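Try each task before reading its solution.

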Amino acid sequence: MKDPVHLAAIHASAFDASWDAAAIKALLDMPGAELEVEVDSFLLWRRAADEAEIVTLAVRPEARRRGLGGRLLDRTMDRARERGVTRLFLEVAHDNPAALGLYGSRGFEPVGKRPDYYVRPDGSRADALILALNLS
């Protein structure tokens with residue numbers, strides 16, 4: 001389902017700093033944007049030439065640990081390869097062990113860091129790790 005309101009509700013349940021429907025719609029309208037959807041989850045990615053970026057992977061908390069994120073990620077990797085993407089990037093909080101485990105299980109490796117990138121509800125900050133996966 002590509003309804004930005006529905007996607008924004010999923011995103012809001014998954015992240016402290018979530019995007020509203022207008023932000024989701026703007027991302028979906030970007031050149032190269034693609035969407036993978038499962039019940040209670042979605043993955044938004046965009047490609048440019050032979051590179052792509054996972055913009056967000058959101059899974060409702062009550063639906064986690066059921067393989068939804070892995071299926072979305074695997075499908076995205078397959079579609080990216082089909083479209084000629086050779087390298088896939090993403091950013092993830094350094095202190096998110098579930099996400100790091102998922103991405104690591106698919107072969108993503110750290111290639112950089114953005115210090116203090118994420119702002120937490122209490123005002124504290126967390127580094128973003130930049131991960132990459134060679135698809136070729």
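Buried means under 20% relative accessible area, exposed means over 50%, and partly exposed lies in between. Keep in mind that this is a predicted model.

**Exercise 1.** Classify Tyr118 as buried, partly exposed or exposed.

*Solution.* Start with the relative accessibility of Tyr118, which is 24%. Buried would require under 20% and exposed over 50%. Tyr118 therefore counts as partly exposed.

**Exercise 2.** Find the aromatic pairs and describe their geometry.

*Solution.* The structure holds two such pairs. In one, Tyr103 and Phe108 have ring centres 5.6 Å apart and planes at 70 degrees, so the pair is edge-to-face. Both of these residues are buried. The pair of Tyr117 and Tyr118 is also edge-to-face, with 5.0 Å from centre to centre and 85 degrees between the planes. Tyr117 is partly exposed, at 42% relative accessible area.

**Exercise 3.** Which residues of the largest nonpolar core touch the most other members?

*Solution.* This core has 21 residues, and the ones to pick out are Ile54, Leu73, Tyr103 and Phe108. Next, look at the elements: those giving two or more residues include strand S3 (51-59), helix H3 (68-82) and helix H4 (97-105). H3 supplies the largest share, four residues. Finally, zoom in on Phe108: beyond its neighbours within four places in sequence, its contacts include Ile54, Leu73, Met77 and Tyr103.

**Exercise 4.** Is Arg60 buried or exposed?

*Solution.* First locate Arg60 in the loop between S3 and H3. Its relative accessible area is 16%, so Arg60 is buried. Among the residues Arg60 touches, beyond four places away in sequence, are His6, Ile10 and Asp40.

Definitions and conventions: Residues numbered from 1 in each chain as written. Predicted model: local features only at pLDDT ≥ 70, side-chain atom pairs only at ≥ 80, totals over all residues. Heavy atoms only, no water. Core = buried A, V, L, I, M, F, W, Y, C linked by side-chain atoms within 4.5 Å. Buried < 20%, exposed > 50% of the residue type's maximum accessible area, 1.4 Å probe, protein only. Contact = heavy atoms within 4.5 Å. Phe/Tyr/Trp six-rings, centres within 6.5 Å; stacked < 30°, edge-to-face > 60°.
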